[in-house]
Amino acid sequence: MKWLDVVVAPKHKASDLPHSALSEGEAPSTRFDIWGCRGSRNILPAMSKIGNCTSCYSLSHGDVLFALDAGRGLTALSTRLFGRGRLAQIRHVVVLVSHSHLDHWEGIKDAEWFWRRDNGISLSICGPKEALQAIEQGLRHPSFVPLQILSLGTLADLEFRTLHEGQRLTLFGWQVEPFALHHYSGSGAQRQMLDALGYRVTVPSGPTVTYLCDHEPTQATRAAEERALLGSHLALYDAHFPHIKEQTFGHGSIEHAGIMAREHPDKLILAGHINPRYSDAEVRRFLTQHGRGTPNLRIAIENQSYAWDGNRFHR
């Protein structure tokens, strides 16, 4: 059986499990959390009040959590599932990996659920084929131990699922719609396009979150961005560079995020994948410069949480 199709410890398929661990009469809350907003590299020891860990965000409702990318921020997220806070009720985790670059999956092997015995978590790791292959190749002999081995005696289930542009999936009652992103490595004759996916994730009877990272916006991608934002309540944009004129290597800018916020005042636009070459003061200055008149544009800041009140996300 191919690695991309395997299900480890298949007592039941992860996506077929019931998804209600709440007490009777208890209303589940919906939250968007920021665990890692830094682009390309981690800043260790931590020196930034904006963010020090590579990309990871989550949308949770009841006992289901969807993680958007699996950078170093995933380690912090996974640890919180075993504390006494609101995430202690999570039993089903779906990790949506955007593409194959290491900074978007480097947190997987250190996630607490691979190291805590009989923790009861069912885990699905989903993404484009290229990304899943990169994870497989990076986490096997001679570099490391395969995730299938780490899952024995720890997870309830481990599932890998290849996603494609244009799919519409239902997992635990949530709707997931992958769409293509414009991302690549190198430049000029050395440019190599990546199989990169963004995601629209919709909570049952709740909000829609759009994830556009990593992505370099162009005139040619504008229509796809508009489709991805349609009906969305919160969007996370790649804002690696300050200005549109600097956009390259498959990354966007704070300026472009500001334009989208201005044109979509009904949506909360978060600027993520923050360039590690800029200080906190510089990032805030760029936000002020490109965010005038757009109160719905904000920098994604680690450890911040946005709650859904039935109409909008707020802190």
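A search of the whole structure turns up 5 aromatic pairs, where rings of Phe, Tyr and Trp (its six-membered ring) pair if their centres lie within 6.5 Å, and planes under 30 degrees apart count as stacked, over 60 as edge-to-face and the rest as tilted. One of them is Phe 32 with Tyr 57: the ring centres sit 6.1 Å apart and the planes meet at 15°, so this pair is stacked. It ties together distant parts of the chain, with Phe 32 in strand 2 (residues 30-36) and Tyr 57 in strand 3 (residues 56-61), 25 residues apart. Helices (H or I, at least four residues) and strands (E, at least two) are DSSP runs, numbered from the N terminus. Phe 32 counts as buried at 0% relative accessibility, and Tyr 57 is buried with a value of 0%; buried means under 20% relative accessible area, exposed over 50%, partly exposed in between (1.4 Å probe, protein chains only).

Phe 66 and Trp 174 make another stacked pair, at 4.6 Å centre to centre with 20° between the planes. Here too distant parts of the chain are linked, since Phe 66 belongs to strand 4 (residues 64-68) and Trp 174 to strand 9, 108 residues apart. Phe 66 is buried at 1%, and Trp 174 is buried at 1% relative accessibility. As for clusters, Phe 32, Tyr 57 and Tyr 211 form one.

The model is a predicted one, in which local features need pLDDT of at least 70 and side-chain atom pairs count only at pLDDT 80 or more, while totals for chains, interfaces and linings use all residues. Residues are numbered from 1 along each chain as its sequence is written, and side-chain values use heavy atoms, with hydrogens and water left out.

Turning to the helices, Glu 225, Ala 228 and Leu 229 are buried in helix 4 (residues 222-229). Seen down the axis, the buried residues of helix 4 fall within an arc of 95° (taken from the directions from the helix axis to the C-beta atoms), so they line one face of the helix. They pack against strand 9 (174-180), strand 12 (197-202), strand 13 (208-212), strand 14 (234-238) and helix 5. Gly 231, with a positive phi near 80°, follows helix 4.

His 256 lies in helix 5 (residues 254-263) and is buried at 8% relative accessibility. Neighbours within four places in sequence aside, His 256 is in contact with Pro 217, Glu 225, Tyr 237, Ile 244 and Gln 247, contact being heavy atoms within 4.5 Å.
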